[in-house]
Structures are given as C-alpha cells and as structure tokens.
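Trainee: Please take a close look at the charged side chains of this model, with the ligand site included. I would like one connected account.

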Amino acid sequence: MLLSSGLMLRGADPQWIRVGTDSTDLILRVAENGRLYQSYLGARLPERDYAHLPQGAEAYVPHGMEDYFEPAIRVLHNDGDPSLLLKYREHQVRQVDDNVTETTVVLADEVYPVTVTLHYMAFQRENVLKCSSEITHTEKRPVVLYQYASSMLHFSRDHYWLTEFSGEWATEVNRAEQPLYFGKKVLDTKLGTRAGIFCSPFFLLGLDRPVQENQGDALIGTIGWTGNFRFTFEVDQFNNLRLSAGINPYGSEYTLRSGEVFRTPEFIFCYSTHGVGEASRNLHRWARRYQVKDGEKERMTLLNNWEATGFGFNEEQLIGLLDEAQKLGVDMFLLDDGWFANKYPRNSDTQGLGDWQENREKLPHGLQPVIDAATKRGLKFGLWIEPEMVSHQSELYEKHPDWVIRFPNREEYYYRHQMVLDLSNPKVQDYVFGVVDDLKSRYPQIAYFKWDCNSPITNIYSTYLKEQQSHLYIDYMRGLYRMLDRIQAKYPDLPMMLCSGGGARCDYEALRYFPEFWASDNTEPLERIFIQWGFSYLFPSKCVAAHVTSWGRQSLKFKTDVAFMGRLGYDIRVSGMSEQELAFSQEAIRTYKRLMPVILEGDLYRLVSPYDGNRDHAAMMYTEPDRAHAVVFAFDMTPRWGEYLSLRSVRLQGLDPARNYRITELNRMEGASTVGCDGQVYSGDYLMKVGLPLFSTGTYVSHVLELTVEP
Ligand code: GLA
C-alpha cells in the first residue's frame, strides 16, 4: 500500500513512500524493523511493481549501529553515548499546488528523545527534488551534532563518474571528471565566506558511464548553502555508492539545546535519463520559476567602471562615463569600488572597507550629482559595496575590533588585505543591514547593488560566540540570511549582483536574494566560454552576469558574442572605441534587448563543448519554449589549421522538425566573416539531422544566428 499520510503502526506490513516527479521516483520503504530505506531512485516506476523492489539502503544512516560507512548523522548524547537508531514514526504528503508536493517523514530514536524529520519538495514538471532535514531533541542537556547531512542518496550501478568544477580566482568552474572506485571522494570547502573559490557547490554524476549531454542516466546536484559545504561520494565493497550532501561539519560541531531545531540547507538535484542537457534545462526552468530572486523578471544591461577606472575617478570623470553609458544605450551605470572612506581613503584595496561614507576627494558633493546626472540621461544607478568585510585600516575596525572575526591574542591574517565581520553577532547584522539601509535612505534612486565578498574567513574566532566557537561557520551564514531577509523585506524591488572576487559565491540559497552573480573577474572571452559553459550546467543564463571588457586580444565582436550568452553588460572605455565599434555595440545592445526573451528565458542546448578537442570550437543555443524562435552561438576558438572538425556541421536541437526556420546572422561587423546560410530557410528536421556548417579553421571567429519560424 502506498502511504499518503498517516501513522505507521508497529508491526504493520512494509510500506512505501513515493517522493516523485513526472519522470523520477525516489521510493522510500518502511521495513518490518521500523527503519526507513531508500529502495529506489530512478526513472518513474509503476506503483504495482514497488513490492518487487529490494529493501535497499537506510535512507538517512545514523552513526554507531551496524553500518560501516559514512553516516548521515552523528550525535553525542549528554550521557556520553554516541548511538542513534532512527525508526519511522509518521509522514505526510502535502500538495502545495498542482506542480509541487512536500513530503515529510519523521524518524525517531526509541532510546533517546531525538527526532529527525526528512523533507522532500518535489517539483513535478521541472523534475527537481529538494531535500533537507530537521534535527531536534528533548534531552535534558544539550546534544552535540557532529554530522548532519541535508540528505543521503544511494545508487547501485555498475560504474559511477563524477564531474567536479574547481578553480581559483579568474579561472572558475573548470570541469573535470573521474570514475569513482572503492573509497571516498569528497568535494568540500572550509573557506566560510568566499566559500567556492576552489570548488563550486555542485557536481554532475554519471551513472554507469560518464555524463553525456543527451543520453544516459545522470544527476546534477547542488546545495543551497553559501558557506562551507561538503559532498561525500563513497563506494562500498559491493560497488554501491552513497552520496551525502550538506554543510561541511569540519570545525563545526553544533551544540543543540533541548527543543531547539537544527535545520539543514537544501540539497537540490535533478535526475535525468537523457543526459545532463535535459537536467540543466529542468533546473533552469525550476530556478527561474521557484528559486531565484526575480527569476521571471527582466534584467538590466549596464556599464560598469571597474575595468575602465579602477579606484581612480572623480565626479567629473564619472559624469563623463555616464555620457558613455548613455551613448552606448545600456540601462544602468554601475559605480564600482573606490567611492568611499575618508580617514583611510579607498584608493587601493588595502584600506577603507567598513567606512561606507562617500570619499570627499573624489565625490565632494556625495553621490547625488552622479545619480542626478544618471537620471537625466535615462540611466539607472547601481553601486558596489562589500559590507561583510573590514580593512584593518578603517574607522570601523578602530571602533569595533570585537566585530571582526579575529583572534584577540594573535597576529592577524589577511586575504586581499581584509577581514570578515562577525555576522553571527546580531549587532553586526544590524550594522550590515544598516549599510544598505543608510545608502537607500540617503539615495532612494540607487537601483542596484553589486555585493562583493572578496575574503574567505581567516583567523576563525568570534568574540560574540564565546565558548561556542565551533558554531561560527554556521551561525555566520544564518546571520547573513537573516540580514538579507531584512533587506529583502524592506527593499523587495532592489536587485543585487552577487560577487565574490568573481564567481566564488554562487549557490541557490544566495540566489534567493540575488537575481544574478558575477561569474569571474576573468573576462578574456576564450576563458569566459569555458567559465560560462561550466556555470551553465546549474544556472540559467539570466543569473550569469557577462561583460564586454578590454581583456583579451579578440575583436569586439567576439567579446560581445560571448557576453551575449549571459546577462549582457560592459566594463570598457566607450571613448576608446572606434566609430565602427561604437555603432556595432549600440546595435548589439538593441539586438540583445530584443532577444532577451530567447536568451534569458529560453531553453539552453549545449551543442559543441569547448572541452571536446583542443580548444577548437564551441556552440550553444537558446530556444523559446514554443520553439518558434531560437538563437545559436558558434565560436572558433584556437583550432588547428585544417583539422577536420572545422568542416563538421553543427546539428541544432530543440526545434520543431515540422516547421521551417529562417536564419539571420546577427552582430555582423565589417571585416568579420559571415556564415553561408544567412537568409536561408531550413526545416527544423534538417537543422537537427544535418545541421549548419558554422565552424571554420579561423581563430577567434564567432557567429550569432537568429532562427525564426516561417509562417
Ligand atoms: C572584486 C570583484 C571585481 C571588482 C573588485 C573591486 O575583485 O570581483 O569585479 O568589483 O572586487 O575591488
């Protein structure tokens, strides 16, 4: 019998709990011993066959009993006993709406009053599952949590292939894959704030074979947690794989008081039987509809001044840049770092963080004249802040050294000459909220913030937390979310870009507050193709800020074509452009705005991977859901002369085979090569079976094609 809601009676027959979407089933089983097992995870199964399923592995393995591998949960009771045995108590399935169900399963120990509630949100059409747990107890004295996974999943397949995304500043999300054999592979971070510099909080898992774009069983997984995360993949002696995902418990044993509830972040995954391409599209749709702030709203194009001026600017120069932004035709001007601090002026990255008052030398009349000048030119105004951080050389540090995460009795260690404020402290939360609130109160016209976070947590000690230092990594993040909730509540229409010295902070919990993130400080377009490709597995294009800058030797057309694949912006001296380049850019921005519904809301198809071959070519396309309109991007990167790949046609995807499409090449620039198919009409069938010859053996050649259905 399939339980929909109710109480499990002791000694009753084994029963099943289905956590499913339109195409995936996660089937849990309450066994005769009263414990909860994961019997199945995969493509949807008929209910009548559940009875044939094997019992499987315990769904949320506790430490200390008969299991030999990594547990999901490990606790220490206050009598010194480390055991836990969780039995099914009850569960509920709630239909949130016609697309979403929420299943909660309560497990409890019969010896110690500890309860674990497993939560599953299932998004039917998007085929996405979100899993988290809640741990609580009523023991007299606190219980210490040593491990507290959000979720655990089990697989029993012939082979496993893990794809990870690792990097550094300016070389984010490099894709690499490896088979998993006996033992553990861990993807984690303990950097605290700028948590993802080296490892991004997501992965791809290929079942039976390495992940492929359009075939095979694959899973994309990620965690909605902006701090330390950990994914552990462990293969046992029978080649079963268990995956546990959650906060990294490193240095984070958590003392839970009686009655207190420990809520884990959400582990989010999408399982596909048709490769990761389908899983990405599903995640993107889900993210836009349910998870990302302003996920279904438009985005603004912008001109940023960072690459153009660095810290060196004044009011007059900024107004000059506003003229450039207006000429270009973007929606907003974004003023970056360097506008603040007086005692320790922010003229370099060595000082001034924390002192969020306009620098009187650069902005003697404050920000108002710049904002007014922007408004006069029909531009919105955005501002860079980094409010979680403090420089040693700052008035804030002088006033509140106890607000800084630092050892009171040791030398300080800096990352980019700065330290992190202690957001576990409510007073610091007030202060950080106050940075935004004060700026918004003084300048209500500020329409956007770029919220940066350049340092990981060093000197890990909180004056506020006193003897509970091991709560700091977790309480910091909770403090951050609490403070962001306040900003969201007071300024619901204020978009912010999440930045962390590039793309070192991007997860689906942060994106509940930030509609977009800065993918990398590296805007060299060849590198960007790889970086944007990496992020595309997880995030919809409208979340990925992509700017045209002076990095790289490529033509302005190539740079523009690359930036077109995300949320387009500019960070370049417009005055340095030739007349032809300016006219090209103005036209490109108009084109981009027209194509936003396709590029930012459409389905993404990754056609030719830059990882295939030797940095030869890349192609991807976006298709509107009704398949009437598509945009194709094709890049020759650095192909070898005469290599045969260049002659291969690019087969398109996601079109209607029965309809005809007219091809129009966009972003044409005098002197740049064009495709032969411009102006031709093809059936969707032909385009998907035969494709278009879009590649050449040229270096840094790019094409953007618009496909429109012929009536
Ligand atoms: C970080 C960001 C950059 C820029 C600088 C300013 O490195 O990633 O885009 O804002 O800070 O200091």
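Mentor: A salt bridge here is a side-chain nitrogen of Lys or Arg within 4 Å of a carboxyl oxygen of Asp or Glu. The model is a predicted one. By that criterion, Lys490 and Asp437 form a salt bridge, with N and O 3.0 Å apart. Lys490 belongs to helix α7 (residues 472–490) and Asp437 to helix α6 (residues 426–442), so the bridge ties together parts that are 53 residues apart in sequence. The two partners can also be described by their accessibility. Asp437 has a relative accessible area of 15%, which is under the 20% cut-off, and therefore counts as buried.

Glu164 and Lys185 form one of them, with their closest N and O atoms 3.0 Å apart. Glu164 sits in strand β13 (residues 160–168) and Lys185 in strand β15 (residues 183–188), so this pair ties together parts that are 21 residues apart in sequence. Glu164 is buried, at 13% relative accessibility.

Glu266 and Lys130 form the other, where the closest N and O atoms are 3.2 Å apart. This pair links distant parts of the chain, 136 residues apart: Glu266 is in strand β22 (residues 266–272) and Lys130 is in strand β10 (residues 128–137). Lys130 is buried, with a relative accessible area of 11%. Salt bridges also join into a network, which links Arg35, Glu58 and Glu66.

The shell around the ligand divides into 6 charged, 4 nonpolar and 3 polar residues. Of the 13 residues around the ligand, those that come nearest are Asp336, Asp337, Lys450, Asp452 and Asp521. Lys450 has a side-chain N or O atom 2.8 Å from an oxygen atom of the ligand. For Arg416, the distance from a side-chain N or O atom to a ligand oxygen is 3.0 Å. Asn454 places a polar side-chain atom 3.3 Å from an oxygen atom of the ligand. Taken alone, the ligand exposes 310 Å², and the protein buries 97% of that.

Methods. Residues are numbered from 1 along each chain as its sequence is written. This is a predicted model: local features need pLDDT of at least 70, side-chain atom pairs count only at pLDDT 80 or more; totals for chains, interfaces and linings use all residues. Side-chain values use heavy atoms; hydrogens and water are left out. A residue is near a molecule or strand if one of its heavy atoms lies within 4 Å of it. A polar contact is a pair of N or O atoms within 3.5 Å; within protein, one must be able to donate a hydrogen and the other to accept it, and residues adjacent in sequence count only if both atoms are side-chain atoms. Accessible areas come from the Shrake-Rupley method with a 1.4 Å probe; for residues, only the protein chains shown count as cover. Ala, Val, Leu, Ile, Met, Phe, Trp, Tyr, Cys and Pro count as nonpolar, Asp, Glu, Lys and Arg as charged, and the others, Gly among them, as polar. Helices (H or I, at least four residues) and strands (E, at least two) are DSSP runs, numbered from the N terminus. Buried means under 20% relative accessible area, exposed over 50%, partly exposed in between (1.4 Å probe, protein chains only).
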